[in-house]
Structures are given as C-alpha cells and as structure tokens.
Amino acid sequence: MSLIIISFLFVYLQTSLATSKKDLGVDVPTLIIVLIFSQQLAQSQEIKDKNVLIVWGGWEGHNPKLFSDIVEKWLIKNNANVTVSNSLNAYSNFEYLMKFDLIIQSVTMGEITNQQEKNLTNAVKKGVGFAGAHGGIIDSFRNNTSYQFMTGAQWVEHPGGMVSFKVKI
C-alpha cells in the first residue's frame, strides 16, 4: 500500500477573535486541517466530479457533525459528488466503498467491527483515498491495529496537556 500526501484539501481556521467568528459564521473555536491520501487523486488533484463519502460520528467533543457539514459544503461548492453517513455501517459493504474516490472520516473513539475494518483498509489498499483531521482519523478505533497501521498513527495524548495559544493570521 503506497499512500501519498497530495495536497491540502481544506483548511478551516477559526480563532477566538470576534471578527473571525463573524467572518466564518461558526461559534466554536475550531482548527481543522485535512490532507488527502490517495494515488488516484494525486494524479488529477481535482475534486470535481469525484465521488466522496463523508463518515462522521463518535465523541461529540470533536464536533464531527460540524466537521462533516463544513467539508460537505466545500466539496459541493467544488462540484464533487458527496454522500454523507453518520454511521459506520457505510463500511459494512466493500463493493459500496469501492464506488468512492475518497473517504473523509470524522469519528473519534468509535467502535468498528472486524468486517468494517477489513472493508475500509482493503478499499484504501485498492486505491480509495482516505482523509480526515485530528482525532477524527487517528483516534477513531483504539482497539483496531489494522486501522492504525493504515493511518500510520494512533493518538496518545495532547503534549503538555490542554494548553491555550493564539494564532495570528
């Protein structure tokens, strides 16, 4: 399996500044950086007319619905064909997953079945792109090592705990 980081798909940055909140229309501080991992998308670097599956759920602290809504809106604006699922049942059918060029996931501390994990990892091995951000991709399934090997990571903790910081744009 050869994964390539091709480009940044989407950067959504909101600081606690009132002007940023007004400009972005979101009332929670959010920093989301999404990278696409896919050989197929690397060749075109176009999202237009690509079939994209967004899967969200898990711990509400990472705002998976908000993430899904923002990414869905951006994808539609860029003429992608978008399907959204708030259930891991989307991973239950391998043939269904193979219809997508890209899967974008935002699931933190979820539980995936062995079959769902196998279907997802095999779809990525066969060329379906896989993307996400923060805990929605690397803290998704703590007990599933095949998934962790696929992403190349497993969340451990925030270094230094939860710390406050400012971002200047």
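Visitor: Aspartate 69: buried or partly exposed?

Guide: Aspartate 69 is partly exposed, at 32% relative accessible area. Buried means under 20%, exposed over 50%, partly exposed in between (1.4 Å probe, protein chains only). Note that this is a predicted model: local features need pLDDT of at least 70, side-chain atom pairs count only at pLDDT 80 or more, and totals for chains, interfaces and linings use all residues. Residues are numbered from 1 along each chain as its sequence is written, and side-chain values use heavy atoms, with hydrogens and water left out.

Visitor: What does the side chain of aspartate 69 meet in a salt bridge?

Guide: Lysine 65, with N to O at 2.9 Å. A salt bridge is a side-chain nitrogen of Lys or Arg within 4 Å of a carboxyl oxygen of Asp or Glu. Lysine 65 is partly exposed too, with a relative accessible area of 40%.

Visitor: Where do aspartate 69 and lysine 65 lie?

Guide: Both are in helix α3, residues 64-77. They sit four residues apart, about one turn of the helix. Helices (H or I, at least four residues) and strands (E, at least two) are DSSP runs, numbered from the N terminus.

Visitor: How many salt bridges in the whole structure?

Guide: Two. Aspartate 139 and arginine 142 form a salt bridge as well, their closest N and O atoms being 2.7 Å apart.

Visitor: Is aspartate 139 buried or exposed?

Guide: Aspartate 139 is buried, at 4%.

Visitor: Next, serine 140. Where does serine 140 lie?

Guide: In the loop between α6 (135-138) and α7 (145-151). Serine 140 is buried, with a relative accessible area of 0%.

Visitor: Which side chain does a polar contact join to serine 140?

Guide: That of glutamine 105, at 2.8 Å. A polar contact is a pair of N or O atoms within 3.5 Å; within protein, one must be able to donate a hydrogen and the other to accept it, and residues adjacent in sequence count only if both atoms are side-chain atoms.

Visitor: And which residues is serine 140 in contact with, leaving aside neighbours within four places in sequence?

Guide: Gln105, Val107, Thr108, Met109, Gly110, Gly135 and Tyr147. Contact means heavy atoms within 4.5 Å.

Visitor: Moving to α7. What about glutamine 148, buried or exposed?

Guide: Glutamine 148 is buried, at 15%, and its place is in helix α7. Setting aside residues up to four places away in sequence, glutamine 148 touches Phe141, Arg142, Asn143, Ala153 and Gln154.

Visitor: Aromatics now. How many aromatic pairs does a search of the whole structure find?

Guide: Three. Rings of Phe, Tyr and Trp (its six-membered ring) pair if their centres lie within 6.5 Å; planes under 30 degrees apart count as stacked, over 60 as edge-to-face and the rest as tilted. One of the pairs is tyrosine 96 with phenylalanine 100, centres 5.2 Å apart and planes at 80°, so edge-to-face. Tyrosine 96 is partly exposed, at 28%, whereas phenylalanine 100 is buried, at 7%. Phenylalanine 141 and tyrosine 147 form an edge-to-face pair too: 4.8 Å centre to centre, 80° between the planes.

Visitor: Phenylalanine 141, buried or exposed?

Guide: Buried, with a relative accessible area of 0%. Tyrosine 147 is also buried, at 2%. Phe141 and Tyr147 form one aromatic cluster with Phe130.

Visitor: What about the largest nonpolar core: which residues have the most contacts inside it?

Guide: Val55, Tyr91, Ile103, Leu120 and Phe130, in a core of 19 residues. Two or more residues come from each of β3 (51-58), β5 (102-108), α5 (114-125) and α7. α5 gives the most, with three residues. A nonpolar core is a set of buried Ala, Val, Leu, Ile, Met, Phe, Trp, Tyr and Cys residues joined through side-chain atoms within 4.5 Å.

Visitor: What does valine 55 contact, leaving aside neighbours within four places in sequence?

Guide: Among them are Ser85, Leu88, Tyr91, Ile103 and Val107.

Visitor: Last one, the overall layout. How many helices and strands?

Guide: Seven helices and six strands. Along the sequence the pattern is β-α-β-α-β-α-β-α-β-α-β-α-α. Of the 169 residues, 41% count as buried. Of the contacts with a separation of 6 or more, 75% are between residues 24 or more positions apart.
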